[in-house]
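Have the viewer open as you read.

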Amino acid sequence: CLNCGVVLNDPTVNAASKAGTGAPKSKVAAGLLGIFLGGFGIHNFYLGYTGKALAQVLMSGISILLTVLTCGILGFTLIAAVAAEIWGLVEGIMILAGSASYATDAHGVPIQ
């Protein structure tokens, strides 16, 4: 307990209070964000994985920027954006499926 210092037995409460993150994140919200906006890493920002999220944003952003600047002449410029979207789609499905590697957020709090 943050007020009195009593150790609580619920690991969800302990992890959330130690990390200062409040309530556990929603599995459904994280999964749907991954499926629909995964190319921009929104689900990873939501779960606190900012490193992965920034990688996805940069992959998509630079790829789209190069496509716009070259007017699409270089056909391969959208490959990174498509790869980032597939990456996000797969992570979203794994989150919804309850994969062990996506059972907690970046602070160790179980996703519910």
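The chain exposes about 6500 Å², going by the Shrake-Rupley method with a 1.4 Å probe, and carbon and sulfur atoms supply 74% of that area. Keep in mind that this is a predicted model, where local features need pLDDT of at least 70, side-chain atom pairs count only at pLDDT 80 or more, and totals for chains, interfaces and linings use all residues. Residues are numbered from 1 along each chain as its sequence is written, and side-chain values use heavy atoms, with hydrogens and water left out.

Of the 112 residues in the chain, 25% are buried, as in under 20% relative accessible area with a 1.4 Å probe, protein chains only.

On to the fold: there are five helices and zero strands, so the order from the N terminus is simply α-α-α-α-α (DSSP runs, H or I of at least four residues for helices, E of at least two for strands). Contacts here mean heavy atoms within 4.5 Å; among those between residues at least 6 apart in sequence, 54% join residues at least 24 apart.

Now zoom in on H2 (residues 27-37) and H5 (residues 79-97). Their axes, lines fitted to C-alpha atoms over the stretch in contact, come within 7 Å and cross at roughly 160°. Angles run from 0 to 180 degrees between N-to-C directions, and over 145 counts as roughly antiparallel, which is therefore the label for H2 and H5. On the H2 side, the contact is made by Lys27, Val28, Ala30, Gly31, Gly34 and Ile35, while H5 brings Glu85, Gly88, Leu89, Gly92, Ile93, Ile95 and Leu96. Sorted by type, the residues of this contact are seven nonpolar, four polar and two charged, with Gly counted as polar.

Technical notes
Buried means under 20% relative accessible area, exposed over 50%, partly exposed in between (1.4 Å probe, protein chains only). Angles under 35 degrees count as roughly parallel, over 145 as roughly antiparallel, 65 to 115 as roughly perpendicular and the rest as oblique.
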